[in-house]
Amino acid sequence: MSPSETWSLNTTHIGRRVNVFETLASTNTTASELAVLPENDGVVVIADYQTTGRGQYGRVWQSRPKCSLLMSVVLNPPSELCRPAILTALAAVAVVEAIVDLSGIQASIKWPNDVLIRGKKVCGILIEKHGSAAVVGIGLNINQTAEEFIAAGLLEATSLEIESTRPIERRFAVERVIQRLDQAYEQVFSGERTAIEAEWKERIGLIGRRVLIEHMDGSTIVGQIREMQFDRLVLELEDGTRQMILPETVRHIFEQ
Ligand code: BTN
């Protein structure tokens, strides 16, 4: 299927080609088809509407036409960056920065892949790996109303337009997110991960907090978070010992 429009943004890596579709099954699926060719590195796929949008853990991601940013980025990062923890973190930081640019609102990051405004979810991120390539899927609620979330039973969801006093133009928001993603990716790609890591840690806001960590295998552990980096979380246990935890092994972190 061919895109209805193609844009070319003045970015370094991500968004030099943007394929815009009216309707797709899932932008992640279309992006994964492009991911087989290395020359598609950095290509962005956008849809006004998805018929079978995917969320984390096999959940469905639904959105009325033309009121969300539904976007997937094809990436061929070096192997040390092709990790869900790093790609999720840099996408979350980029979305948080774009939200500040667009509305002046300070958003937070909820482990591992949600961006929240005043505790409500405004954006979800879905990373899918395809061999040495990865697809970074981003769903950002832009123009939905509070009434529509209530009618859909999504009481924990919000949109930029609900939270902002300024009107948000979708095309402008899309470009801002892509520009911020490109900047974040370039920084991490060139070995300058410290600033992105620091913002990610700050926006998650769990340093010094007592938490229960739930691992992917269902096991849990309680302690105080002492440090968070892309490579490890440092948890201080009740007996004072410290445990290093690989971010990819953590499904949820619950504040106690
Ligand atoms: C989540 O919070 O569960 C992640 C949601 C990710 C949704 C986006 S929308 C664009 C891209 N295409 C998909 O099918 N999913 C992601």
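In the predicted model, Trp-111, Trp-200 and Phe-230 are joined into a cluster by ring pairs. In total, three aromatic pairs are present in the structure. One of the pairs is formed by Trp-111 and Trp-200, whose ring centres lie 6.0 Å apart. The angle between the two planes is 45 degrees, and the pair is classed as tilted. Trp-111 is located in the loop between β5 (108-110) and β6 (114-117), whereas Trp-200 belongs to helix α6 (residues 194-204), so the pair ties together parts that are 89 residues apart in sequence. Both Trp-111 and Trp-200 are buried.

The secondary structure of the protein consists of six helices and 13 strands. The radius of gyration is 18 Å, close to the 18 Å given by the globule rule for 256 residues, so the protein is as compact as a globular protein of that length. The C-alpha trace spans about 60 × 45 × 30 Å along its principal axes. Among contacts with a separation of 6 or more, 61% are made between residues 24 or more positions apart.

Of the 256 residues in the protein, 53% are buried. The accessible surface amounts to about 11800 Å², and carbon and sulfur atoms contribute 50% of this area. With regard to charge, 26 positive and 33 negative side chains are found in the protein.

Notes:
Residues are numbered from 1 along each chain as its sequence is written. This is a predicted model: local features need pLDDT of at least 70, side-chain atom pairs count only at pLDDT 80 or more; totals for chains, interfaces and linings use all residues. Side-chain values use heavy atoms; hydrogens and water are left out. Helices (H or I, at least four residues) and strands (E, at least two) are DSSP runs, numbered from the N terminus. The radius of gyration is taken over C-alpha atoms; the globule rule is 2.2 Å times the number of residues to the power 0.38. Buried means under 20% relative accessible area, exposed over 50%, partly exposed in between (1.4 Å probe, protein chains only). Contact means heavy atoms within 4.5 Å. Accessible areas come from the Shrake-Rupley method with a 1.4 Å probe; for residues, only the protein chains shown count as cover. Lys and Arg count as positive and Asp and Glu as negative; His and the chain ends are not counted. The place of a charge is taken as NZ of Lys, CZ of Arg, CG of Asp or CD of Glu. Rings of Phe, Tyr and Trp (its six-membered ring) pair if their centres lie within 6.5 Å; planes under 30 degrees apart count as stacked, over 60 as edge-to-face and the rest as tilted.
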